[in-house]
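Trainee: I am new to this structure. Can we go through the terms used for it, one by one?
Mentor: Gladly. Have a look at it, then ask.

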Amino acid sequence: AHAQDDADLQTAQAMCRAGLAESAIAYVTQRRELSSEDRELAAKWTMILMECHAQAGLFAQSNADASWELCRSVYTEFTQADADNPRQPWLQWQLARCELLHAQADTAQYLAAPANAQPREQSLARIRQILIALESLEDDLKQRQPLAAREGTQGGTQAPARQLAALAVDVGLLRCESLLLRMRLYPRGSADRIASAAEVEQQATAILQRTEPDWASRAQLQLAAATARLELGQETVALRALEQLAISADNRQARRQAALTAIESLTYIQPLDEQSTAPTDGQLSARISRGHALLANLQSDDSGPEVKLAELQLSLADISRTAGVGQQSEQQTALQTLVEKSQRLGNQYGAYWQSRAEALLVGPIGAATGNGSPTLSNDLMMVAVRQLLAAGNITEAVDKLLAFRDHEAAAGRGDSAVRSASQAAALLQQQ
């Protein structure tokens, strides 16, 4: 079975996503203690405990370092206590997954404040280590599989050969997910981004060709390949595949991620250059309508942070497309609603999703108009600042203005950067 399909794991993940990580950790710890005499069950509950600590790291940024360290210490303690446990390869896979979640947290922080390069460098370094660890794990599995085949279904020193083969596919999938994350750390259209996408497409396609149609990880591999093709000039084919996965994939996680990826692509239009022409309003409306159809399907299937983020993204695209049309007061009200939604997302689902939302608010918000809208970005930021000031959070308001200053300076918008710096300075004088 796919390493993320276990019902106990899914329950623990749901608790963590709901902000109940401490309760999940306590419950899983108790189950692990009760299973200490069963080596396979002890390994399973250890993996789930590592997952819970990683999810806690995503939720609460203030305690994140301790949570990430606990992932590693739980792994180390288990492997030292039972060094020849047949489930050791699964523990290694889980450790790599925890490191990938850590890299996702770093990436979200970077995308929310691109002028701060430290989270980007941390994420890139972590991904390099993940890829090295996965290569080592693949080599280990290649050595174990012939031994497992000789031992037969009864098992012995090795886990059953079919389970090891399934894990090898999961290792390949985790590598693709790591490369996709690395891809997001490079500028759109850059050689490094395209190279990462090409590697994902090649590896995912190769694994799909040697797996059965009913293989548990197949939908996630198809998702990885389609996501990579978005960066390789194959948007039409890729979007069609993503939309199909969002509707019919047999795995909820794959359906959810396919919808979110497609919506992100549909609401992003490449900035214009001398050779390109702006899309018509009808073309933009058609893309956003496809996004809303995906959102409606997603809402009928799920209610987690991915749904809230998709709602935010489409609302942002709607506002950006109609910027300058209608009453200014109506747009300000819509912008205020967006900022409130992003804050609720963070309050409900934690620091990682707050960073994801903020990346939308300070990023290329006007992309859906075809030519960018830095004025809209500034309006959104000022709405957020006014809300913080109304709540008496002057320090947070200053921090937001300074982060936006750095973002605008990096984007080459010097006037906007100077204006944000001046506003921050004025607020500091009031303290």
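Trainee: At what angle do helix α7 and helix α8 pack, and how many Å apart are their axes?
Mentor: First, a caution: this is a predicted model. Helix α7 spans residues 161–184 and helix α8 spans residues 191–209. They pack at about 165 degrees, with their axes 8 Å apart.

Trainee: What makes α7 and α8 roughly antiparallel?
Mentor: Set the angle against the cut-off. The pair packs at about 165 degrees. Angles over 145 count as roughly antiparallel. Therefore α7 and α8 are roughly antiparallel to each other. Their crossing is left-handed.

Trainee: Which residues of α7 and α8 meet?
Mentor: From α7, they include Val169, Gly172, Leu173 and Cys176. From α8, Ala197, Val200 and Ile207 are among them. By class, this contact has 10 nonpolar, 3 polar and 5 charged residues.

Trainee: Now α12 and α13. What makes α12 roughly antiparallel to α13?
Mentor: Helix α12, residues 281–301, packs with α13 at about 160 degrees, and the axes are 10 Å apart. That makes α12 roughly antiparallel to α13, because the cut-off for this is over 145. Here too there is a left-handed crossing, with α12 passing α13.

Trainee: What does the contact of α12 with α13 have, by class?
Mentor: Begin with the residues. In α12, Leu284, Ile288, His292 and Leu295 are among those that meet α13. On the α13 side, they include Val307, Ala310, Leu314 and Arg321. By class, the contact has 8 nonpolar, 4 polar and 5 charged residues.

Trainee: How do you know that α11 and α13 are roughly parallel?
Mentor: Again, from the angle. Helix α11 covers residues 252–266, and helix α13 covers residues 305–321. Their axes come within 10 Å and cross at roughly 15 degrees. Angles under 35 degrees count as roughly parallel. So α11 and α13 are roughly parallel to each other. The crossing is left-handed.

Trainee: Which residues make the contact of α11 with α13?
Mentor: α11 brings Arg256, Leu260, Ile263 and Glu264. α13 brings Glu306, Leu309, Ala310, Gln313 and Leu314. Sorted by class, there are 5 nonpolar, 1 polar and 3 charged residues.

Trainee: On to single residues. Why does leucine 9 count as buried?
Mentor: Leucine 9 lies in helix α1, residues 7–17. Buried means under 20% relative accessible area. Leucine 9 has 4% relative accessibility, so it counts as buried. Its C-alpha is 8.9 Å from that of cysteine 52, which is 43 residues away along the chain.

Trainee: Why is proline 114 called partly exposed?
Mentor: Its relative accessible area is 29%. Partly exposed runs between the buried limit of 20% and the exposed limit of 50%. Proline 114 is therefore partly exposed. It lies in the loop between α5 (88–112) and α6 (118–151).

Trainee: How far apart are proline 114 and aspartate 406 in space?
Mentor: They are 7.9 Å apart, C-alpha to C-alpha. In sequence, 292 residues separate them.

Trainee: What does the secondary structure of the whole protein chain come to?
Mentor: It comes to 18 helices and 0 strands. The chain has 431 residues, and 49% of them are buried. It exposes about 20100 Å², with carbon and sulfur atoms supplying 49% of that area.

Terms used. Residues numbered from 1 in each chain as written. Predicted model: local features only at pLDDT ≥ 70, side-chain atom pairs only at ≥ 80, totals over all residues. Heavy atoms only, no water. Axes fitted to C-alpha atoms, helices over the stretch in contact; angles between N-to-C directions. Helix = DSSP H or I, 4+ residues; strand = E, 2+ residues; numbered from the N terminus. Parallel < 35°, antiparallel > 145°, perpendicular 65-115°, else oblique. Left-handed = near helix turned anticlockwise from the far one by under 90°. Contact = heavy atoms within 4.5 Å. Nonpolar A, V, L, I, M, F, W, Y, C, P; charged D, E, K, R; others polar. Buried < 20%, exposed > 50% of the residue type's maximum accessible area, 1.4 Å probe, protein only. Areas by Shrake-Rupley, 256 points an atom, 1.4 Å probe, with all protein chains shown as cover.
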